[in-house]
Amino acid sequence: MKNVTDYSWDGESTLTGINSLEAAPANTNADVIYSIDGRRLAAPAKGFNIINGKKVIR
């Protein structure tokens, strides 16, 4: 969890409440590129790539 500002705990094994939580904004503009064996790549490689869930041959 990122940026949890306040929480309460009853001393037992149960978390009783979280008052505030901020999530980092998703970067939806960047392409997500994977190789055929599932490794994430910074740039498309020669051959078979998966770019944003679509199979691409370069």
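**The four-stranded sheet and strand β5**

Four strands form an open sheet in the order β4-β3-β5-β6, with antiparallel pairing. β4 (40-41) and β6 (54-57) are the edge strands; each has a single partner strand, so one side of each lacks a neighbour in the sheet. The model is predicted, so local features need pLDDT of at least 70 and side-chain atom pairs pLDDT 80 or more, while totals for chains, interfaces and linings use all residues. Residue numbers start from 1 along each chain as its sequence is written, and side-chain values use heavy atoms, without hydrogens or water.

Strands (E, at least two residues) and helices (H or I, at least four) are DSSP runs, numbered from the N terminus. Two strands count as paired if DSSP finds at least two bridges between them. In general, strands of a sheet pair through backbone hydrogen bonds, either parallel or antiparallel.

The chain as a whole has six strands and zero helices. Its pattern along the sequence is β-β-β-β-β-β.

Now to β5. This strand covers residues 48-51 and pairs with β6 in the antiparallel sense over four bridges. Phe 48 has Ile 57 of β6 as its bridge partner.

Accessible areas come from the Shrake-Rupley method with a 1.4 Å probe, and for residues only the protein chains shown count as cover. Buried means under 20% relative accessible area, exposed means over 50%, and partly exposed lies in between.

Phe 48 lies in β5. Phe 48 is partly exposed, at a relative accessible area of 31%. Together with Ile 36 and Ile 57, Phe 48 makes a nonpolar surface patch of about 330 Å². Patches take residues with over 30% relative accessible area and no salt bridge; nonpolar side chains (Val, Leu, Ile, Met, Phe, Trp, Tyr) are joined within 5 Å, like charges within 9 Å.

Asn 49 is also in β5. Asn 49 is buried, with a relative accessible area of 1%. The side chain of Asn 49 reaches the backbone oxygen of Ala 45 at 2.6 Å. A polar atom of that side chain lies 3.5 Å from the backbone oxygen of Gly 47. Both are polar contacts: N or O pairs within 3.5 Å, where, within protein, one atom must be able to donate a hydrogen and the other to accept it, and residues adjacent in sequence count only if both atoms are side-chain atoms. Beyond its neighbours within four places in sequence, Asn 49 has contacts that include Tyr 34, Leu 41, Lys 54 and Lys 55. Contact here means heavy atoms within 4.5 Å.

Ile 51 is buried, at 12% relative accessible area. Not counting residues up to four places away in sequence, Ile 51 touches Asp 31, Val 32, Ile 33, Pro 44, Val 56 and Arg 58. Leu 41 is 10 residues from Ile 51 along the chain, and their C-alpha atoms are separated by 9.7 Å.

The wider chain gives the background. Buried residues make up 7% of its 58 residues. Among contacts with a separation of 6 or more, 0% join residues 24 or more positions apart. The chain exposes about 5,100 Å², and carbon and sulfur atoms supply 52% of that.

There is one salt bridge in the structure. Arg 39 forms it with Asp 37, with the closest N and O atoms 3.1 Å apart. The cut-off is a side-chain nitrogen of Lys or Arg within 4 Å of a carboxyl oxygen of Asp or Glu. Arg 39 is exposed at 53% relative accessible area, and Asp 37 is exposed at 52%.

Conventions. Buried means under 20% relative accessible area, exposed over 50%, partly exposed in between (1.4 Å probe, protein chains only).
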